[in-house]
Amino acid sequence: MTRVIYPGSFDPITKGHMNIIEQASNIFDEVVVAVLQNSLKKEGLFTLKERLEIIKEIYKDINNVKVITGSGAVVDIALLHNCKVIVRGLRNSSDYNSEVTLRQFNKDMSNNKINTICLFADTEYQFISSSAIKEVWKLDKDISKYVHPIVEEKMLIKKRGL
């Protein structure tokens, strides 16, 4: 069985992320979506627990997508879950440049046990980022084109609570 890990902060998960998960789930036997806290960013829109619950709800009926959380190095989480490959999504050349660096660090930190593959987001998702979605949302603009209805609902609930 070929199991891969797709790590990210997913704050919030976008249709771009979902496009990469869909592609990976059509190629590999199991995709482990690892919802992580980005140590370089302050607290996000959703807590780690909220993001985990949202993504689990979205994928509850997809048998080969498993959603987890963890802390520490992605390579350690990957090895813990018997994943030999990290899946990353590419939107543009900036993504490519950072992923090349991350790939080498992950390979080194795992003593060559973990490799990275990159999947290209479909054209209609190449400009979408979680940061941009949050900006559009803060401006009270429609985000339904960019996120799953569950995410949109949770963001509207958040807004009412702010």
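Helices, taken as DSSP runs of H or I over at least four residues, are numbered from the N terminus, and in this predicted model two of them, α2 (48-58) and α6 (149-161), each supply at least two residues of the lining of the second largest pocket. The contribution of α6 is the greatest, at five residues. About 170 Å³ of space lies in this second largest pocket, whose lining consists of F46, E50, E53, I54, E57, I150, E153, K154, I157 and K158.

The largest pocket holds about 1,300 Å³ of space and is lined by 46 residues, among which P7, G8, S9, N38 and R88 lie nearest its centre. At least two lining residues are supplied by each of β1, α1, α3 (74-80), β4 (85-90), α4 (93-109) and α5 (130-138), and the largest share, eight residues, comes from α4. The lining of the largest pocket divides into 16 nonpolar, 19 polar and 11 charged residues.

Strand β1 (residues 3-8) pairs with β2 in the parallel sense, and six bridges are found between the two strands. Together with helix α1 (residues 15-27), strands β1 and β2 make a β-α-β unit that is right-handed. Strand β2 also pairs with strand β3 (residues 65-69), again in the parallel sense, over five bridges, and in this pairing V31 has V65 of β3 as its bridge partner.

The burial of strand β2 can be followed residue by residue. Residues count as buried when their relative accessible area is under 20%, and six of the six residues of β2 (residues 30-35) are buried, so the strand is largely enclosed by the rest of the structure. This burial applies to both directions in which the residues point, because E30, V32 and A34 point one way from β2 while V31, V33 and V35 point the other way, and all are buried.

The relative accessible area of F10 is 3%, so the residue is buried. D11 is found in the loop between β1 and α1 as well, and with a relative accessible area of 6% D11 is also buried. A polar atom of the D11 side chain lies 2.9 Å from the backbone nitrogen of F46, a residue that is also listed in the lining of the second largest pocket. D11 is joined to P12, another residue of the loop between β1 and α1, by a cis peptide bond with omega of about 0°. Most peptide bonds are trans, and most residues other than glycine have a negative phi.

A positive phi is found in N112 too, at about 65°, although N112 is not a glycine. N112 is placed in the loop between α4 and β5 (115-120). In contrast to the buried F10, N112 is exposed, with a relative accessible area of 55%.

Conventions:
Residues are numbered from 1 along each chain as its sequence is written. This is a predicted model: local features need pLDDT of at least 70, side-chain atom pairs count only at pLDDT 80 or more; totals for chains, interfaces and linings use all residues. Side-chain values use heavy atoms; hydrogens and water are left out. Buried means under 20% relative accessible area, exposed over 50%, partly exposed in between (1.4 Å probe, protein chains only). Two strands pair if DSSP finds at least two bridges between them. A crossover is right-handed if, with the strands pointing away from the viewer, the path from the first strand over the helix to the second runs clockwise. On a 1 Å grid over the protein atoms alone, a cavity is a set of points where a 1.4 Å probe fits but cannot get out, and a pocket is an open set with protein on both sides within 12 Å along at least five of seven lines; lining residues have an atom within 4 Å of a point. Grid points are joined across faces, edges and corners, and a volume is the space filled by probe spheres set on the points. Ala, Val, Leu, Ile, Met, Phe, Trp, Tyr, Cys and Pro count as nonpolar, Asp, Glu, Lys and Arg as charged, and the others, Gly among them, as polar. A polar contact is a pair of N or O atoms within 3.5 Å; within protein, one must be able to donate a hydrogen and the other to accept it, and residues adjacent in sequence count only if both atoms are side-chain atoms.
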